[in-house]
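Let's take a walk through this structure together. Keep the 3D view open as we go.

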Amino acid sequence: MPEHTMPVSDQVLEFVMNAEGELKDAFMAIEEIEAHNQWKVLSAFQEEGIAQRHFAPTTGYGYDDIGRDALDRVFARAMGAEDALVRPQIANGTQAIYLALAGLLQPGDTLISATGKPYDTLVEAIAGDVTGSLKNMGVSYREIGLPANGTIDMEAVEKEILANPRVKVVFFQRSRGYAWREALSLEELQNAFTRIRALTKDVSIVVDNCYGEFTQTKEPTDIGADLIAGSFIKNPGGGLAPTGGYVAGSTKAVEMAAQRLTVPGIGREVGSYASSYLPFFQGLFIAPHVCAQSLKSAALFARVFENLGMTTMPHSEAARSDIIQALRLPSAEALIAFVQSIQQTAPVDSFVTPEPWAMPGYRDQVIMAAGTFIQGASIELSADAPIKAPYTAYIQGALTYAHGRIGVMLALESLRKNLGVLPE
Ligand SMILES: *Cc1c(COP(=O)(O)O)cnc(C)c1O
């Protein structure tokens, strides 16, 4: 390690550099995926003939917005999908997922989740008593819980489909989200899709792909999902997209989501963007690299914690299907100190000290570190933790591995100083 002026002890430095040295194979595997995905994305740009004119801003209705339409096509290719909608007007990942579901479902239909409770922010949109929720529109909802081993209970899913001809959509959440379980591998998803297709052609498959993009060489759309949806301030925006979300999938399914996006009958034909699509294109182009940086940072966090004797999920050398790393800390104090040290590592708002607070919609107090350029962008180094036993922190992101590694070092230094986790 070259000379530096970081406020960390030699002991911490050595501990982290040793952990890094043990991850050569894991890093090489991540870089191979990055190389594959970089080629995939580059090819998509070239095949669509992307040129300067696609970056020009538009105003008003946005009729014939060539930048918008080209971005859709490039992204569809990158996802192995027929079609896509990438829009700054999609406010977040939750709206993208809602669009996918609301587009495909009609009153009287049934939606089933094959991966248990969906991401917190979706609960109201699906089953809440609020105007415009799926429930409010007459869509029934059933949940098939994820068994303790974290693999999908396909027998229960099949049983539900066979028993109820109104089942029209089966929903999967690829990422662990903020739950102590593994992200679903592409192999497991493929197996589930095959079993559903063998039963019926009448059911659409929708995947919440948040945090999953570019972590593997394939996406759920490559292996037969009808629609995937996600956020552009996570993986696919490469840290540069200022806002937005996407849906991608079959032309028919994307068209249905488009009717929900703006106005039925007008769909995807309108929507301008006066700030230029440049950061969306550029962000998508570097997304494979940024995702690899964040995966390496996650692996290093995991390795350091494992070498301290703590429990991690996934393991530092595991194949990954999302960018989240869960770490178990020994106490509430350790958890809080850890999250605060991540905030201190941030380029933005590093002077802020996050505290646990009672966030609306959460049972336990939570503490969050998010010193990000783009508000709430979790492809940037960030951490979240509910204050409850077993004390689990979820970290994700890092625009550069060097930044992620600084985060690991400052976190370890904080734990060493405040809690003596690193024996002398
Ligand atoms: C981020 C995320 C969402 C959507 O969250 P937004 O904050 O609305 O972007 C949904 N599911 C998962 C698994 C996520 O990680």
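Start where helix 1 (residues 10-21) meets helix 9: their axes come within 9 Å and cross at roughly 115°. Bear in mind that this is a predicted model. That angle falls in the 65 to 115 range, so helix 1 and helix 9 count as roughly perpendicular to each other. Their crossing is right-handed. On the helix 1 side you'll find F15, V16, A19 and E20, which meet L300, R303, V304 and N307 of helix 9. Sorted by class, that contact has 5 nonpolar, 1 polar and 2 charged residues.

Among the buried ones are L335, F338, V339 and I342. The buried residues of helix 10 pack against several elements, including helix 9 (278-307), strand 9 (325-328) and helix 11 (401-419).

Next, the backbone. Most residues other than glycine have a negative phi, and most peptide bonds are trans. Here, though, M313 and P314 are joined by a cis bond, with omega about -5°, and P314 sits in the loop between strand 8 (312-313) and strand 9. The A389 to P390 bond is cis too, with omega near -10°; P390 lies in the loop between strand 11 and strand 12.

As for phi, F214 has a positive value of about 65° and is buried, at 2% relative accessible area. A398 has a phi near 140° and is buried at 0%, in the loop between strand 12 and helix 11.

Conventions: Residues numbered from 1 in each chain as written. Predicted model: local features only at pLDDT ≥ 70, side-chain atom pairs only at ≥ 80, totals over all residues. Heavy atoms only, no water. Buried < 20%, exposed > 50% of the residue type's maximum accessible area, 1.4 Å probe, protein only. Helix = DSSP H or I, 4+ residues; strand = E, 2+ residues; numbered from the N terminus. Contact = heavy atoms within 4.5 Å. Axes fitted to C-alpha atoms, helices over the stretch in contact; angles between N-to-C directions. Parallel < 35°, antiparallel > 145°, perpendicular 65-115°, else oblique. Left-handed = near helix turned anticlockwise from the far one by under 90°. Nonpolar A, V, L, I, M, F, W, Y, C, P; charged D, E, K, R; others polar.
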